Structures are given as C-alpha cells and as structure tokens.
Amino acid sequence: MKKPAILLLLVLILLMSFGCSGPIHTNPQETIDTKVGKGFTIGLHVVKRLGASWQVSYDEEMLTLENEKYIDDNSKSPGLSGTQYFSFEAVRAGETKVEFSLKHGTGGPVSEQKVFNIRIR
C-alpha cells in the first residue's frame, strides 16, 4: 500500500473516532444532498500557526451541529496546519446554506468566506 493510501485510511479512521458523520464535503461549489436524520461533514483546511480558524453560521431549524474537530496535517508538527471538520445532522426538509468565515484571532477581520448549499429531502 502506498503512503497516500495509508494516510487517507488513517484520516478516515480518525474522523470516525471523532464522530464525523456521513460523507466529507470540501467543495462549496457542489450542493450537498442529504435526507432528514442523516449526517454529513464539511472539512476546511486552515493554517493554525497564523491564528486562523473557521467560524460557522447555519439555520438551527434545518441543521444541528453534532461535532466540530480539528486534525493536524502532520502529527510530527502539530498546530501548524490541518483541517477543521464540522459534522451536521439534517433535521428538516428544504434548502439551506452553511456559511464559513475564516478569521485570525477572536476579533480579526474575515480573510475568506465559503458557502455550502444544502438540499434536504
């Protein structure tokens, strides 16, 4: 087995152990299709050494945030960069959005925004 395959397997095992549910989505240009009662996870890369983190905003009548975790890209250099994972459960049918803002520090300006469209059946 090649190193990328081993790394992918390790990340999947870690995500399952952290409670990330359903498929992992990283592309905001693709609509996320799900069903009421089903889970999905959004993963966004972040450079922690710069003090950055993703802040999330969503309609609490449509979705429940089940879990939020950060996993380092490199276990030998923790805290430099990694991926923030946001696991949701769909609670009501319809269409909604999950909006993310990348901020540096608690009061820092927004340096990037991403919007994921969600379709719940």
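## Arg 92 and Glu 61

Arg 92 and Glu 61 form a salt bridge (a side-chain nitrogen of Lys or Arg within 4 Å of a carboxyl oxygen of Asp or Glu), with their closest N and O atoms 3.2 Å apart. Arg 92 sits in the loop between β6 (82-90) and β7 (94-104), and Glu 61 in the loop between β4 (52-58) and β5 (63-72); the pair links distant parts of the chain, 31 residues apart. Strands (E, at least two residues) are DSSP runs, numbered from the N terminus.

Arg 92 is partly exposed, at 42% relative accessible area, while Glu 61 is exposed, at 54%. Exposed means over 50% relative accessible area, buried under 20%, and partly exposed in between (1.4 Å probe, protein chains only).

## The network at Arg 119

Asp 33, Glu 95 and Arg 119 are linked in a network of salt bridges. Asp 33 meets Arg 119 at 2.6 Å, N to O. Asp 33 lies in strand β2 (residues 32-34) and Arg 119 in strand β8 (residues 110-120), so this contact ties together parts that are 86 residues apart in sequence.

Between Glu 95 and Arg 119, the closest N and O atoms are 3.8 Å apart. Glu 95 belongs to strand β7 and Arg 119 to β8, so the pair joins parts 24 residues apart in sequence. Glu 95 is exposed, at 65%; Asp 33 is partly exposed, at 41%, as is Arg 119, at 35%.

## Count and basis

The count comes to four salt bridges.

The model is predicted: local features need pLDDT of at least 70, side-chain atom pairs count only at pLDDT 80 or more, and totals for chains, interfaces and linings use all residues. Residues are numbered from 1 along each chain as its sequence is written, and side-chain values use heavy atoms, with hydrogens and water left out.

Notes. Helices (H or I, at least four residues) and strands (E, at least two) are DSSP runs, numbered from the N terminus.
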